[in-house]
Amino acid sequence: MISLTPLRMKELIKKIYFLNLYLGIFTVIIFFDLQSSSSSNEPLIPVLIKKWTKTEAFEHQSELVWNLENAKDSIIYDANDPQANYIIPEDNCTISYKNNRWYVNGKEVKITALKIKIKGNGQIIHAKNQYKHFLFFLIREDYVFFIHLLPMEEYVFEVLTRETFVVWPFESHQLFSIAVRTYALNKIIEANAKKRPYALRNDIHNQTCIPEKHPAAFDQFKKAIKSTRGTVLVCNGKPILSMYHACCGGIIPGKCRGFDFEKHPYLKRMSSCTYCKDCKRSEWGRDEEVENIMKKLVENKTINEAGTDISIGRIKRSKSGAVQSVEFIITPLHYGSAKKRKKRYGKKTITLTHKECKKLFALNPHQQSFFIESIKKENNRIFIEGKGQGHHMGLCQQGARKMVEAGKGIREILGFYYPRSILIKWY
Ligand SMILES: [Zn+2]
């Protein structure tokens with residue numbers, strides 16, 4: 001069990017009180033009559049499932065159908081008018097939206113925006129996903145938002161089931177629970193400040209569909225979450241942006257470019273994580289024939305026609321040593337007189353950014369921040385090599401796991417990956 005850091009507790013409690021008040025106001029403004037999920041002040045987290053323009057929503061009318069199961073006595077509200085509500089009289093029911101009108105089992109109901117509060121074991125099925133608690137369909141200015149609102153601890157569980165391995169040590173689940181919870185809380189506050197109706201997107205990080213049944217082994221996640229319930233990392237009284245990634249490959253985040261370390265000083269780690277070095281993602285490499293690279297360059301219209309060869313020119317690097325851009329020098333097809341060739345068909349130099357290089361070598365687009373360490377040509381192949389997987393900021397999951405296995409404590413590990421932050425119990 002994690003205990004609180006007694007330092008400046010009084011001051012901290014005061015700050016937390018105001019922030020909680022802030023969160024409460026946010027809930028009221030954005031979600032009208034909603035408060036926290038239970039008596040324990042556990043926040044509810046709004047997760048965006050889909051965002052459409054009004055025109056797109058109109059084009060997707062056939063998708064705007066929600067099937068409710070076990071839903072007797074659940075409530076449909078007008079999200080713009082909490083007084084207007086409709087109690088579902090039967091277990092199974094279908095809600096649909098067409099031509100700016102809402103229908104329940106084919107009968108029109110007079111609401112302007114949909115909010116469903118599902119009871120007990122009931123669930124809402126939409127596009128093969130299942131949801132519990134609250135579901136919103138909001139229309140704001142030119143956009144239509146489809147939002148799932150669920151209790152924080154449940155959200156943490158869903159993330160753990162997708163982003164870590166249950167066979168890893170129990171303490172690594174505790175660490176990850178804290179990182180995920182803190183990140184989500186940070187995003188709720190950010191959404192409030194930006195008046196955004198959702199805190200997180202339902203993307204690779206934030207799946208919220210609830211599978212019918214989790215394996216019994218996932219109880220380990222539940223235990224780890226329960227043992228750290230409400231515990232978050234703060235810096236200057238605010239939940240930190242506790243970024244995490246699969247494997248850092250030893251890259252020092254404090255030396256990486258393009259990140260606001262003044263705003264997020266707890267991400268400016270200046271020491272290298274050596275714990276993940278045995279992980280297979282720590283160092284990686286790909287290679288491709290020059291001919292194939294040439295074909296791709298023509299396909300994506302970087303060059304007009306294929307040349308006979310490519311050589312590597314100047315490579316620009318960031319302070320951390322990551323390749324930022326690289327010059328490809330293309331030798332054109334040789335024809336015509338030597339004089340003409342020099343004039344009309346001289347070598348062509350193109351500059352590719354690291355993102356374009358990743359695309360060229362078909363590296364996973366979801367791992368945009370693959371750290372490219374080198375790019376070189378040998379014989380008729382081009383080799384690209386790099387370190388780690390992910391954005392290198394914050395907690396390195398593989399490294400944290402190894403630190404646990406080496407007997408390090410939770411505080412020490414979190415202190416290493418998020419320097420200048422402290423652990424507190426938020427609720
Ligand atoms: Zn690492």
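Asp 91 sits in the loop between strand 4 (81-87) and strand 5 (93-98). The model is predicted.

**Asp 91 and its contacts**
- Asp 91 is partly exposed, with 13 other C-beta atoms within 10 Å.
- Asp 91 and Ala 71 are 20 residues apart in sequence. In space, their C-alpha atoms are 4.6 Å apart.
- Neighbours within four places in sequence aside, Asp 91 contacts Glu 69, Asn 70, Ala 71 and Lys 72.

**Asparagines with positive phi**
- Asn 236 is not a glycine, yet its phi is positive, at about 50°.
- Asn 236 lies in the loop that links strand 14 (231-235) to strand 15 (238-239).
- With 12 other C-beta atoms within 10 Å, Asn 236 is exposed. The cut-off for exposed is 12 or fewer, so Asn 236 falls in that class.
- Asn 379 also has a positive phi of about 50° without being a glycine.
- The loop between strand 21 (371-378) and strand 22 (381-387) holds Asn 379.
- Asn 379 is exposed, with 7 other C-beta atoms within 10 Å.

**Helix 4 against helix 10**
- Helix 4 (residues 170-194) packs with helix 10 (residues 410-417) at an angle of about 45°. Their axes are 10 Å apart.
- The two helices, helix 4 and helix 10, are therefore oblique to each other.
- The crossing of helix 4 past helix 10 is right-handed.
- On the helix 4 side, Glu 171, Gln 174, Leu 175 and Ile 178 make the contact.
- The contact of helix 4 with helix 10 comprises 5 nonpolar, 1 polar and 1 charged residues.

**The largest nonpolar core**
- The largest nonpolar core has 100 residues. Ile 45, Leu 114, Phe 136, Ile 147, Ala 184 and Leu 233 touch the most other members.
- Helix 4 contributes the most to this core, with 9 residues.
- In soluble globular proteins, nonpolar side chains tend to be buried together.
- Ile 147 touches Pro 46, Val 47, Leu 48 and Ile 49, among others. Further contacts of Ile 147 are Phe 136, Leu 138, Pro 197 and Tyr 198. Residues up to four places away in sequence are not counted for Ile 147.

Key: Residues numbered from 1 in each chain as written. Predicted model: local features only at pLDDT ≥ 70, side-chain atom pairs only at ≥ 80, totals over all residues. Axes fitted to C-alpha atoms, helices over the stretch in contact; angles between N-to-C directions. Helix = DSSP H or I, 4+ residues; strand = E, 2+ residues; numbered from the N terminus. Parallel < 35°, antiparallel > 145°, perpendicular 65-115°, else oblique. Left-handed = near helix turned anticlockwise from the far one by under 90°. Contact = placed C-beta atoms within 7 Å. Nonpolar A, V, L, I, M, F, W, Y, C, P; charged D, E, K, R; others polar. Core = buried A, V, L, I, M, F, W, Y, C linked by C-beta atoms within 7 Å. Buried ≥ 20, exposed ≤ 12 C-beta atoms within 10 Å, placed from the backbone.
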